[in-house]
Amino acid sequence: MIKEVLVVEGKMDVVAIGKAVEADCIITEGFNLKPQALDAIEKAYKKRGIIILTDPDSAGERIRRFLTKRFPEAKHAFVPREDATANNDIGIEQASPEAIRKALEKVRTMDWEPKNTFTGADLLRAGVSGGVAASQRRAQLGDILGVGYANAKTFLLRLNHYGVTREEFDRALAELECKQK
């Protein structure tokens, strides 16, 4: 049983999560975020804590940003795009139980005072920005680090805001290189 309450977008996300772990969930119903949903999220946030587990798409990111501003101590879990895509659809409901468990094992908390450990030059050197395969490498590195897929600018923000260390980054990059050989 997961202590925190998972915040997800839809009913089918709850079904997928139920196949992976035992957890209480609150449904946002997309970006609607009705007052009663926000009230339930706030109560869970204050009482047990929340983990935001939105779809790895632009709508999911908008919901995540909105909730993060409102609930700054929330935890975050990211299911990689390729693990959440099936039948020409993307979402948590498409993810396997294993992918959901893996995302929940890599939960991170946003630090509002970023460390500025990483720069755009680090992303270029790592091949996750500015190159032909940069987007794919960034998605794979985001999966290994548990910060999800993002464009280069957002990926850099996540590295610095979610407490990724230089050592962790280097290990993940080495793992990525091994996978690509």
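Which residues lie nearest the centre of the largest pocket? The legends below take this view first and then turn to other close-ups. The model is a predicted one, in which local features need pLDDT of at least 70 and side-chain atom pairs count only at pLDDT 80 or more, while totals for chains, interfaces and linings use all residues. Residues are numbered from 1 along each chain as its sequence is written, and side-chain values use heavy atoms, with hydrogens and water left out.

**View 1. The largest pocket and its lining.** Glu61, Arg65, Met110, Thr154 and Leu157 lie nearest the centre of this pocket, which is lined by 14 residues. A pocket here is an open set of points on a 1 Å grid over the protein atoms alone, where a 1.4 Å probe fits, with protein on both sides within 12 Å along at least five of seven lines, and lining residues have an atom within 4 Å of a point. The volume of the largest pocket is about 330 Å³, taken as the space filled by probe spheres set on the points, with grid points joined across faces, edges and corners. Two or more lining residues come from each of helix 3 (58-70) and helix 7 (152-161), and helix 3 provides the largest share, five residues. Helices (H or I, at least four residues) and strands (E, at least two) are DSSP runs numbered from the N terminus. By class, the lining comprises four nonpolar, five polar and five charged residues, where Ala, Val, Leu, Ile, Met, Phe, Trp, Tyr, Cys and Pro count as nonpolar, Asp, Glu, Lys and Arg as charged, and the others, Gly among them, as polar.

**View 2. The second largest pocket.** This pocket has a volume of about 190 Å³, and of the 17 residues that line it, Pro56, Glu61, Tyr149, Ala150 and Arg158 are the closest to its centre. Helix 3 and helix 7 each supply at least two residues of this lining, with helix 3 giving the most, three residues. The lining divides into six nonpolar, five polar and six charged residues.

**View 3. The surroundings of Ala84.** Ala84 is located in the loop between strand 4 (75-76) and strand 5 (85-86), and counts as buried because its relative accessibility is 0%; buried means under 20% relative accessible area, exposed over 50%, and partly exposed in between (1.4 Å probe, protein chains only). Beyond its neighbours within four places in sequence, Ala84 is in contact with Pro56, Val79, Asp89, Ile90, Gly91, Gln94 and Ala95, contact meaning heavy atoms within 4.5 Å. Ser96, twelve residues from Ala84 in sequence, is 7.7 Å away in space, C-alpha to C-alpha.

View 4. Four aromatic pairs are found in a search of the whole structure, where rings of Phe, Tyr and Trp (its six-membered ring) pair if their centres lie within 6.5 Å, and planes under 30 degrees apart count as stacked, over 60 as edge-to-face and the rest as tilted. Phe31 and Phe66 form an edge-to-face pair, at 5.9 Å centre to centre and 70° between the planes. Phe31 counts as partly exposed at 38% relative accessibility, and Phe66 is partly exposed at 34%. Phe118 and Phe169 form a tilted pair, at 4.8 Å centre to centre and 50° between the planes, and both are buried.
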